[in-house]
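Please read the briefing below with the sequence and the 3D view side by side, and look up each residue as it is mentioned.

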Amino acid sequence: MAREPFSGHLDLMLLAALDSGPRHGYGVIEHIRQSSGGHFDYPEGTVYPALHRLEADGLLHSAWSADGARRRRVYAMTARGRKALAGRRTQWERFAQSVTAVIESA
Amino acid sequence: MSPIEQAVAAYAAELRGPTRARQRLVDEVEAHLHDAVEAELAAGTGRAAAEEAVLERFGDLHASAQLWNRDRAVRRGASRRNALILACAAVAAAALGVTQHASGKNPPPRPCATDQAGLAISSCGLPSVPRSNAR
């Protein structure tokens with residue numbers, strides 16, 4: 001499937017993927033891919049800089065977790081992240097409703 | 001050196017910033033690539049094809065490193081700007097305090113008058129209010 005350009009919504013996707021619980025980067029990417037039915041098959045290399053940015057903004061926190069022989073950085077949402085997610089969800093719903101209204105009125 | 005190891009080394013060489021922060025990102029990316037290869041192998045893909053597919057899905061390593069470098073540069077710039085603004089504010093506040101002190105609007109605290117036992121016998125410690133301002 002072609003890669004979807006959705007960089008404008010990447011933060012929303014990442015926060016939503018962590019809403020159900022902590023995940024490491026690979027788990028976040030797999031969650032988004034599976035829950036979108038493979039629609040969001042984007043360059044995975046963009047995710048790690050975004051996770052670091054969200055953490056620097058105080059929306060996520062992370063810690064190393066040893067799972068077998070390999071260490072993984074596990075991300076979880078902060079209270080500030082949950083608040084940001086709620087705000088972005090509302091914005092997205094308004095945007096989607098407006099686009100749908102315009103499309104259906106044509 | 002495997003294609004994954006080569007990619008990780010090339011990625012690490014492109015990153016700019018503090019060693020600890022760079023190493024953390026490299027370790028994360030390396031773990032990600034190994035996890036993805038293992039998933040491909042478990043699905044029956046051969047190693048060479050698995051590594052190729054994983055690197056293709058990861059995308060442009062240079063672009064990813066530049067994204068991280070750019071974000072760090074923006075943050076460093078913002079941090080320096082904030083420090084400069086705070087320094088300017090501190091200098092301005094100090095200059096204002098000196099000006100007020102010199103003009104008598106903000107005189108220094110009055111010394112306490114004490115009795116023989118050393119106990120304070122008059123209000124002290126606070127600047128006296130100029131007579132013209134007292135109502």
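## Overview of the two chains

Of the 106 residues in chain A, 28% are buried, where a residue counts as buried if 20 or more other C-beta atoms lie within 10 Å of its own, as exposed if 12 or fewer do, and as partly exposed in between, with the C-beta atoms placed from the backbone. This is a predicted model, in which local features need pLDDT of at least 70 and side-chain atom pairs count only at pLDDT 80 or more, whereas totals for chains, interfaces and linings use all residues. Residues are numbered from 1 along each chain as its sequence is written, and chains are lettered from A and ligands numbered from 1 in the order in which they are written.

**Make-up of the chains**

- Chain A contains four helices and three strands, which follow one another along the sequence as α-β-α-α-β-β-α; helices (H or I, at least four residues) and strands (E, at least two) are DSSP runs, numbered from the N terminus.
- Taken along the principal axes, the C-alpha atoms of chain A fill a box of roughly 55 × 35 × 20 Å.
- Chain B has four helices and zero strands, in the pattern α-α-α-α, and buried residues make up 14% of its 135 residues.
- In chain A, 55% of the contacts between residues at least 6 apart in sequence join residues at least 24 apart, two residues being in contact if their C-beta atoms, placed from the backbone, lie within 7 Å.
- For chain B, residues 24 or more positions apart account for 33% of the contacts with a separation of 6 or more.

**The sheet of chain A**

- Three strands of chain A form an open sheet in the order β1-β3-β2, and their pairing is antiparallel; two strands pair if DSSP finds at least two bridges between them.
- The edge strands, each pairing on one side only, are β1 (23-24) and β2 (60-67) of chain A.
- β1(A) pairs with β3 (residues 70-77) of chain A in the antiparallel sense over two bridges, and A:R23 has A:Y75 in β3(A) as its bridge partner.
- β2(A) and β3(A) pair in the antiparallel sense over eight bridges, and A:A66 stands opposite A:R71 in β3(A).
- Two residues lie between the strands in the hairpin of β2(A) and β3(A), where A:G68 takes a positive phi near 75°.

**Helices to look at**

- Helix α4 (residues 79-105) of chain A has 27 residues, which should span 39 Å at 1.5 Å a residue, and this agrees with its end C-alpha atoms, which are 39 Å apart; the expected span is 1.5 Å times one less than the number of residues.
- α4(A) is hardly covered, since two of its 27 residues are buried.
- α2(B), with 24 residues, reaches 34 Å from its first C-alpha to its last, close to the 34 Å expected at 1.5 Å a residue.
- The buried residues of α2(B) include B:L25, B:V29, B:L33 and B:V37, and also B:R22, B:E28 and B:D35.
- Just after α2(B), B:G44 takes a positive phi of about 100°.
- B:R75 lies in helix α4 of chain B and counts as partly exposed because it has 15 C-beta neighbours inside 10 Å.
- The C-alpha atoms of B:R75 and B:V54, which are 21 residues apart along the chain, are separated by 31 Å.

**The nonpolar core**

- The largest nonpolar core has 31 residues, and those with the most contacts inside it are A:L14, A:L18, A:V28, A:L51 and A:L60; such a core is a set of buried Ala, Val, Leu, Ile, Met, Phe, Trp, Tyr and Cys residues joined through C-beta atoms within 7 Å.
- The elements that give two or more residues to this core are α1 (10-17), α2 (25-35), α3 (47-56) and β3 of chain A, together with α2 (19-42), α3 (47-58) and α4 (61-103) of chain B.
- Leaving aside its neighbours within four places in sequence, A:V28 is in contact with A:L14, A:A17, A:L18, A:R23, A:V47 and A:Y75.

**Where the chains meet**

- In this model, 15 residues of chain A are in contact with 20 residues of chain B.
- On the side of chain A that touches chain B, α2, α3 and β3 of chain A each supply at least two residues, and the largest share, five residues, comes from α3(A).
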